[in-house]
Amino acid sequence: MLSLTGDAVLTWINLAADEIELRKAYLNDLDAPIGDSDHGANMARGFLAVKDKLATEKPADIGALFKTVAMTLLSTVGGASGPLYATFFLQAAAKSAGKTELDLADWTSCLEAALTGVMQRGKAVLGDKTMIDALAPAVEALKHADGKSLGEALTASASAAEEGMTATIPLVARKGRASYLGERSAGHQDPGATSTHRLLKALSEVAVQ
Ligand SMILES: Nc1ncnc2c1ncn2[C@@H]1O[C@H](COP(=O)(O)OP(=O)(O)OP(=O)(O)O)[C@@H](O)[C@H]1O
Ligand SMILES: [Mg+2]
């Protein structure tokens, strides 16, 4: 695959929704010791609504598709993560407005804008034990993907997100509900970093099909 077509992006979002649904209990369990056990439920509710919406609505281009994802997540996910994931997709929508295909450079600019938007909105930086810890390394991997195919680059990006996700375990949370626990938040994997990894892994799976 040389670029992500609109159909590939739609396949990604539907696959992501299925993967989140499969891991709903796991994401809730990760949120139990350092939050309020609802991250899986929040994300699954949002992505089910996205899937339903996209089953009937046919967005004109990838920007419109991402905008639909963003608005649907905003109105259904709730919690801290709803507005943050809505920002993620809204920023990606701005970078892909009018496009019917995304090559590696296009997707890199989408994900970089998503990262910047989520950081501005949530005021978290790398190491605060949030979804940023998966997203920032994923963007870095894309920026250093010279010579790689799209599939290889997306696989490297998902692997970097996975490393960032695992690296949240020893961290003390400085943002969100987990930060209320202070030092006691250490020793637990961040649920938001885990869902971010899952989204990016689903994309890599679509790209290497
Ligand atoms: N300021 C932030 N910046 C980036 N990510 C954040 C921030 N605050 C929380 N998160 C992410 O959101 C995840 C928690 O999402 P969740 O859906 O459980 O919302 P919540 O914290 O329960 O929201 P609320 O407290 O409003 O109910 C965390 O694991 C973290 O990755
Ligand atoms: Mg929660």
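Student: Is serine 37 buried, partly exposed or exposed?
Tutor: The model is a predicted one, and the answer rests on a count of neighbours. Serine 37 has 16 other C-beta atoms within 10 Å. A residue is buried at 20 or more such atoms and exposed at 12 or fewer, so the class of serine 37 is partly exposed.

Student: Where does serine 37 lie, and what is the value of its phi?
Tutor: Serine 37 belongs to the loop between α2 (24-34) and α3. Most residues other than glycine have a negative phi. Serine 37, which is not glycine, has a positive phi, near 60°.

Student: In which loop is lysine 129 found, and is the residue buried or exposed?
Tutor: Lysine 129 sits in the loop between α6 and α7 (132-143), and its phi is positive, near 65°. There are 27 other C-beta atoms within 10 Å of lysine 129. Because the threshold for burial is 20 or more, lysine 129 is classed as buried.

Student: At what angle do helix α1 and helix α3 pack?
Tutor: Two packed helices are described by the angle between their axes and the distance between the axes. For α1 (residues 6-22) and α3 (residues 39-56), the axes are 9 Å apart. The crossing of α1 over α3 is left-handed, and the packing angle is about 145°.

Student: Which residues of α3 make the contact with α1, and how many residues of this contact are nonpolar?
Tutor: From α1 come Leu10, Ile13, Asn14, Ala16, Ala17, Ile20 and Glu21, and from α3 come Met43, Ala44, Phe47, Leu48, Val50, Lys51 and Leu54. The residues of this contact include 1 polar and 2 charged. The number of nonpolar residues is 11.

Student: How far apart in space are leucine 15 and alanine 202?
Tutor: Leucine 15 lies in helix α1 and, with 17 other C-beta atoms within 10 Å, is partly exposed. Beyond four places in sequence, its contacts are Ala202, Glu205 and Val206. Leucine 15 and alanine 202 are 187 residues apart in sequence, and their C-alpha to C-alpha distance is 6.4 Å.

Student: Which residues does alanine 186 contact, leaving aside its neighbours within four places in sequence?
Tutor: Alanine 186 is placed in the loop between α8 (150-167) and α9, and its 16 C-beta neighbours inside 10 Å make it partly exposed. Alanine 186 and isoleucine 169 are 17 residues apart in sequence and 6.3 Å apart, C-alpha to C-alpha. The contacts of alanine 186 are Pro170, Leu171 and Val172.

Student: Which residues touch the most other members of the largest nonpolar core, and what does phenylalanine 89 contact?
Tutor: In soluble globular proteins, nonpolar side chains tend to be buried together. The largest nonpolar core has 61 residues, and Phe89, Leu135 and Ala138 touch the most other members. Leaving aside neighbours within four places in sequence, phenylalanine 89 is in contact with Phe66, Val69, Ala70 and Leu73.

Student: Which helix gives the most residues to the shell around ligand 1?
Tutor: There are 24 residues around ligand 1, of which Gly79, Gly122, Thr130, Gly176 and Gly192 come nearest. They divide into 8 nonpolar, 9 polar and 7 charged. At least two residues of the shell are supplied by each of α3, α5 (81-95), α6 (104-122) and α9 (191-207). With 3 residues, the helix that gives the most is α9.

Key
Residues are numbered from 1 along each chain as its sequence is written. Chains are lettered from A and ligands numbered from 1 in the order in which they are written. This is a predicted model: local features need pLDDT of at least 70, side-chain atom pairs count only at pLDDT 80 or more; totals for chains, interfaces and linings use all residues. A nonpolar core is a set of buried Ala, Val, Leu, Ile, Met, Phe, Trp, Tyr and Cys residues joined through C-beta atoms within 7 Å. Two residues are in contact if their C-beta atoms, placed from the backbone, lie within 7 Å. Axes are lines fitted to C-alpha atoms, for helices over the stretch in contact, and angles run from 0 to 180 degrees between N-to-C directions. Helices (H or I, at least four residues) and strands (E, at least two) are DSSP runs, numbered from the N terminus. A crossing is left-handed if the near helix is turned anticlockwise from the far one by less than a right angle, and right-handed if clockwise. Ala, Val, Leu, Ile, Met, Phe, Trp, Tyr, Cys and Pro count as nonpolar, Asp, Glu, Lys and Arg as charged, and the others, Gly among them, as polar. A residue is near a molecule or strand if its C-beta atom, placed from the backbone, lies within 6 Å of it.
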